Amino acid sequence: MKTLNNYLAIDEDKQWILSQDQLTHLSEGVIETLFSLGNGTLGTRGTSGYESDITQPECEGTYINGSYIRETIEYDESAYGFAQFNNKMMQAFNTKAIEISSENEVFKPHSIGKRHVNLHQASYHEVLQLHSDSGKEIKLHITRFVCQHQQNMMINHYQIEAVNFSGKLQITSSIRGSDSTSQNSNDPRIGNLSMIDKLHCLESLSTPEYAFLLHQLSDPKSLMIAATSHQFEQKNKHIKISSNSKNVLTEQFEVELTDNKVTFSKYSLYLCPQTLTSNNQQQNAPVDEQALITQAREELLCAKNLGYQENLQLHQQLMNDFWQDSDVIIEGHDQHQLAIRLNMLHLTMSAGKDGQRNIAAKGLTGPGYDGHYFWDSEIYIIPYFIYTQPDVAKSLLSYRFNSLAKAKSRATEMGHEQGALFPWRTISGEECSSFFPAGTAQYHINAAIAYAVRQYFKASDDWQFIWDEGAELVIETARLWPSLGHFNKNNSNRFCIDTVTGPDEYTALVNNNYYTNSMAKIHLSFAIELINKLSVNNEIRCNLLLTKLNLSIEELNIWKEIAERMYLPHQAEQNISPQDDSFLDKKPWDFIGTPKDKYPLLLNFHPLVIYRHQVLKQADVILANFLQDDEVDIRLKRNNLAFYEPITTHDSTLSACTHSLAYSETGNHQAAFDYFDDTVLTDLNNLHNNSHYGVHTAAMSGSWMCITQGFAGLRIRDNYASFQPNLPKQWQGLRFKLKLLGCQVELTLSRGQITYQLLSGKQFSLKHYQQDYLLTELEPTLHIAIDED
Ligand code: BGC
């Protein structure tokens with residue numbers, strides 16, 4: 001067996017470095033996306049740290065996750081219950097770029113700099129050769145990181161080196177409102193975060209100690225401050241430059257460049273206090289301007305007191321801890337190794353960690369989808385966090401709990417007497433989808449949230465969360481199903497759900513979408529099972545909870561009956577599951593007559609044209625079958641795959657990973673590998689041609705699922721985990737760690753052998769194919785030989 005790489009990074013290790021030289025096949029906008037950095041609260045695109053025509057970004061962006069502005073959605077033909085407001089993720093001010101000059105001559109780069117991101121350290125590096133018109137040459141090194149240890153802070157570090165010149169330098173540094181983003185387009189996925197006209201400048205200040213721009217937002221009423229402080233290692237003189245615009249604050253520093261380098265750090269601090277828990281959708285609790293300014297100053301000075309090196313170390317320590325727990329090592333495929341690390345890094349850099357913010361479909365890397373959160377979080381992303389950073393999984397679920405009040409009022413608005421209806425897309429918790437057939441109609445978001453609670457609880461046994469938040473989330477979301485359907489006399493009194501849209505957005509507003517019905521069945525069964533468990537765990541507390549939620553035995557009995565009598569479409573002749581009541585009667589799509597440049601279909605055909613045909617944007621029944629786990633016969637799963645795969649366009653990046661998982665489960669390992677390849681490289685190779693407006697976090701997490709739940713066959717059962725490992729023949733080895741059932745275990749697959757190792761925890765029960773095993777503190781290691789054909 002080949003030795004697997006060490007977990008700890010070596011700086012020069014190419015499997016940790018994503019450099020511009022490897023990305024010559026990509027446009028500048030995509031590179032900016034891939035080079036983005038973040039910490040779950042703050043994120044910034046990987047744009048240059050030097051201001052010039054040559055280094056001009058394609059799309060500038062620094063974002064604050066969970067903060068947003070609210071805009072009225074304009075409809076020419078509105079109707080009752082249409083979403084009224086859009087949320088746009090807060091695009092904060094740009095503080096990254098500097099400009100250097102000497103005696104009124106501005107230094108310009110010869111070409112764009114050499115750039116790379118160190119994935120292990122979550123840091124951005126850029127080196128530029130700069131020259132002036134009169135032939136002075138200097139070299140600029142930039143290091144950037146968004147602090148893992150300080151959620152509101154980014155640090156840019158600059159080092160200027162003399163090449164053929166010494167003397168006085170003027171360094172211009174600014175806080176600048178960025179108004180760039182995407183062009184007008186019919187592409188619904190492109191977002192537009194231009195919002196400078198929505199921000200009203202209240203105050204600006206520039207002193208040698210620190211500087212800031214303070215803005216007010218009118219909806220939601222709140223404040224935003226962008227503050228910076230510079231720390232030079234050399235003596236310098238500070239000059240404030242006045243500007244005509246209230247949205248730009250420019251400072252200048254004069255330093256002497258000698259044989260020694262000029263070195264300085266710029267600390268950037270962003271605060272935009274908005275909270276979810278406020279029930280009033282318009283207003284957040286007012287924050288005192290002076291208090292915010294004081295907080296910004298104190299946090300800046302505190303970071304400055306620590307200094308650059310100390311901050312870097314604190315940041316790196318947390319990154320080390322992250323990789324220690326989460327790294328996935330792939331032997332024998334450098335591109336997959338790099339891609340999976342890139343994907344995991346973006347997930348952790350994008351996910352909110354305080355229950356106040358979630359994870360956007362595009363992470364914190366671009367304006368796509370206006371920074372909205374979708375069901376992607378629960379079905380595709382939370383699984384990754386459950387097994388690597390369970391606290392983050394919990395916090396993403398807490399975000400939903402914290403927006404429960406809004407989901408309840410939306411349910412009332414939509415005519416449901418009780419329960420909660422979560423929004424299809426949102427930041428603040430209110431519905432922001434202006435196209436209800438592929439938005440609000442996707443009621444399966446409710447089941448997704450309950451499913452994620454179920455998976456988290458199974459893996460973590462976190463009773464505290466279940467008592468405090470999880471149970472209420474499951475119950476309030478479950479309450480909606482009875483009012484979405486009926487026991488249908490024309491269908492043997494089966495429970496039928498009408499006029500909803502499933503995950504496949506190329507079919508809308510149908511009756512009995514297989515996915516929705518099967519997820520509702522799982523949801524209701526789980527709700528009943530959970531209440532029974534709670535009652536056994538603490539009957540008095542359980543009764544108090546049910547009383548608080550006003551949940552009666554009658555209501556529970558109805559849920560039970562619905563779950564038992566839920567109609568799941570089945571076509572006996574071919575033994576397949578129709579996607580909905582009408583799907584099989586529709587005209588097949590003319591795939592042969594559709595040229596490649598007509599994909600994605602959503603950009604080339606009116607929705608009605610697409611809806612009339614048997615054509616899928618993304619996995620629907622196939623996803624249901626995967627989530628139904630062992631409740632569905634494997635022959636039915638195979639038949640469904642054979643039927644749906646040829647008519648699925650995979651125009652959504654959520655589709656390929658689901659197919660990889662389904663093929664792994666049904667034993668077609670080559671197809672599983674091919675679909676994994678399409679998933680893991682979605683952004684690294686810009687496979688959907690739209691990574692310039694942000695990464696695809698669901699596909700990123702999907703690629704992790706393909707490895708652990710696909711190739712290794714991980715399934716969580718009551719009190720044990722089961723595995724059916726199958727190392728892809730294209731790889732030499734695979735290693736990863738999982739946190740579950742109070743333990744941490746490591747799996748190492750090589751050709752011919754698998755090793756299960758208990759790293760922490762008392763004991764761990766597992767099933768390897770059909771055989772049961774127990775890892776204990778005394779016997780933590782299990783080697784099993786694998787027959788390879
Ligand atoms: C998909 C949705 C997904 C959204 C955000 C759409 O293209 O069809 O299922 O939630 O993208 O990723």
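Glu505 is found in the loop between strand β22 (494-497) and helix α10. Helices here are DSSP runs of H or I with at least four residues, strands are runs of E with at least two, and both are numbered from the N terminus. Before going on, a word on where this comes from: the model is predicted, so local features need pLDDT of at least 70, side-chain atom pairs count only at pLDDT 80 or more, and totals for chains, interfaces and linings use all residues. Residues are numbered from 1 along each chain as its sequence is written, and side-chain values use heavy atoms, with hydrogens and water left out.

Is Glu505 buried or exposed? Glu505 counts as buried because its relative accessibility is 19%. The cut-offs are under 20% relative accessible area for buried, over 50% for exposed, and partly exposed in between, using a 1.4 Å probe and protein chains only. UniProt puts the feature "active site" at Glu505, in an unreviewed entry. UniProt positions follow the numbering used here, feature names are shortened, and such annotations may be inferred rather than shown by experiment.

Leaving out residues up to four places away in sequence, Glu505 touches Trp424, Ala438, Gln442, Tyr611, Lys617 and Gln618. Contact here means heavy atoms within 4.5 Å.

Now to the ligand itself. Glu505 is one of the residues around it, and others include Trp375, Asp376, Trp424, Gln618 and Ser652.

| Residue | Distance to a ligand oxygen atom |
|---|---|
| Tyr369 | 3.0 Å |
| Glu505 | 3.1 Å |
| Lys617 | 2.9 Å |

**The nonpolar core**

What sits in the largest nonpolar core? This core has 192 residues, and those with the most contacts inside it are Trp375, Ile379, Trp559, Ile707, Leu738, Leu740 and Phe764. A nonpolar core, by the way, is a set of buried Ala, Val, Leu, Ile, Met, Phe, Trp, Tyr and Cys residues joined through side-chain atoms within 4.5 Å. Helix α10 (residues 514-537) gives the most to this core, at 12 residues. The core also takes at least three residues from each of domain 1 (35-306) and domain 2 (713-789).

Not counting residues up to four places away in sequence, Trp559 touches Ile475, Ala478, Arg479, Pro482, Leu524, Ala527, Ile528, Ile531 and Leu551.

**The domains**

The protein is divided into domain 1 (35-306) and domain 2 (713-789), with bounds that come from an automatic or database domain assignment. Taken over C-alpha atoms, the centres of domain 1 and domain 2 are 45 Å apart. An unreviewed UniProt entry carries the annotation "domain: Glycoside hydrolase family 65 C-terminal" for residues 714-775. That span is 68% strand and 0% helix, and its end C-alpha atoms lie 16 Å apart.

First up is His416, in the loop between α6 (404-413) and α7 (444-460). His416 counts as buried because its relative accessibility is 7%. The side chains of His416 and Ser483 make a polar contact of 2.8 Å. A polar contact is a pair of N or O atoms within 3.5 Å; within protein, one must be able to donate a hydrogen and the other to accept it, and residues adjacent in sequence count only if both atoms are side-chain atoms. Apart from residues up to four places away in sequence, His416 touches Ala411, Tyr443, Leu480, Ser483 and Leu484.

Next comes Ala351, in the loop between α3 (334-350) and α4 (376-388). Ala351 is buried, with a relative accessible area of 0%. Beyond four places in sequence, the residues Ala351 touches include Gly40, Asn65 and Phe385.

Then there is Gly191, in the loop between β13 (167-176) and β14 (199-206). Gly191 is buried too, at 4% relative accessible area. Between Gly191 and Gly694 there are 503 residues in sequence and 9.8 Å in space, C-alpha to C-alpha.

The side chain of His238 makes a polar contact of 2.8 Å with the side chain of Glu251, and another of 3.5 Å with that of Ser206. His238 and Phe422 are 51 Å apart in space, C-alpha to C-alpha, and 184 residues apart in sequence.

Methods. A residue is near a molecule or strand if one of its heavy atoms lies within 4 Å of it.
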